[in-house]
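Grab a pencil and work through a few exercises on a protein model. Try each task yourself before you read the solution.

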Amino acid sequence: MKKALLLIAVLGVVASSQAQDKIDGDLKVDLVSTYIWRGQHLGHVSIQPELSVEWKGLSLSAWGSVGLSNYKDLREIDLTLSYETGGFSVGIVDYWNNEHDSRYFYFKKDATGHSVEGFVSYDFGSLSISWQTFFAGNDYREDNSKRAWSSYFEVVAPFRLITCRWEAKAGLVPWLSDYYNTRGFSVTNLSLRATKDIKITDSFSLPLFGQLIANPASQDVYLVAGITLKAF
């Protein structure tokens, strides 16, 4: 009997170890009425696919955005490598768009479409905070062509109300940044987002979200709607 219990315990440990070693993946697509990023308007109606894989807290993802209603909208591809343990996360993001040059593998100073950002964040459960700073790529000051070290700080508070999932967000830029079009300390992003799963069948629901976004620094306000399709 003891041997049987010991064997069951060993099998349980092995199964748990294998579950932790499992590679997870995610494939989803958002369709949004307006593309707003950190309080900045970057596009009109857009489709935004995302593919990611995760293993033992290490994550690699690719995210993109393509305008559907305006041919002048930016084409964007972002690659993110991050690591998460507990509530702590750290990583880097390579942002690319075709505003400066349409060539993806072009890295000339002041002309490349790439901007590389490092970030660190911590999720307390009821509240999460994050800090992001650009340290490479096309992030220079217009007045002296020196690196701007454009940075962004954000606080996010998720909660549930009625039958929706809500998220309140506040973001600020701490100093002058041409990247964010700020002349100094500025609050650039105040938003409130609600998500509701619309049941289509017994096994399929369609997440529908609405978001009210204000940028006090630029005096802009946006109302965004979107849907999310998940493959797995």
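Predicted model: local features only at pLDDT ≥ 70, side-chain atom pairs only at ≥ 80, totals over all residues.

Residues are numbered from 1 along each chain as its sequence is written, and side-chain values use heavy atoms, with hydrogens and water left out.

**Exercise 1.** Find out how many helices and strands the protein has, and what its C-alpha trace spans.

*Solution.* Next, look along the principal axes, where the C-alpha trace spans about 80 × 40 × 35 Å.

**Exercise 2.** Work out how W131 and F153 are arranged as an aromatic pair, and what the pair ties together.

*Solution.* First, the rule: rings of Phe, Tyr and Trp (its six-membered ring) pair if their centres lie within 6.5 Å, and planes under 30 degrees apart count as stacked, over 60 as edge-to-face and the rest as tilted. The structure holds 14 such pairs. For W131 and F153, the centres are 6.3 Å apart and the planes make 50°, so the pair is tilted. Now check the strands: W131 belongs to β9 (residues 128–137) and F153 to β10 (residues 151–161), so the pair links parts 22 residues apart in sequence. Finally, check exposure, where buried means under 20% relative accessible area, exposed over 50%, and partly exposed in between (1.4 Å probe, protein chains only). W131 comes out partly exposed at 31%, and F153 is partly exposed too, at 26%.

**Exercise 3.** Which charged residues sit over the rings of Y106 and Y140?

*Solution.* Over Y106 you'll find the charged end of R103, 3.8 Å from the ring centre. Over the face of Y140 lies R147, at 4.6 Å from the centre.

**Exercise 4.** Is T34 buried or exposed, and which residues does T34 touch beyond four places away in sequence?

*Solution.* Locate T34 first: look in the loop between β1 (24–32) and β2 (35–37). Its relative accessible area is 18%, so T34 is buried. Then list its contacts (heavy atoms within 4.5 Å): leaving out residues up to four places away, T34 touches H41, G43, H44 and V224.

Conventions: Helix = DSSP H or I, 4+ residues; strand = E, 2+ residues; numbered from the N terminus. Lys NZ or Arg CZ within 6 Å of the ring centre and 35° of its normal.
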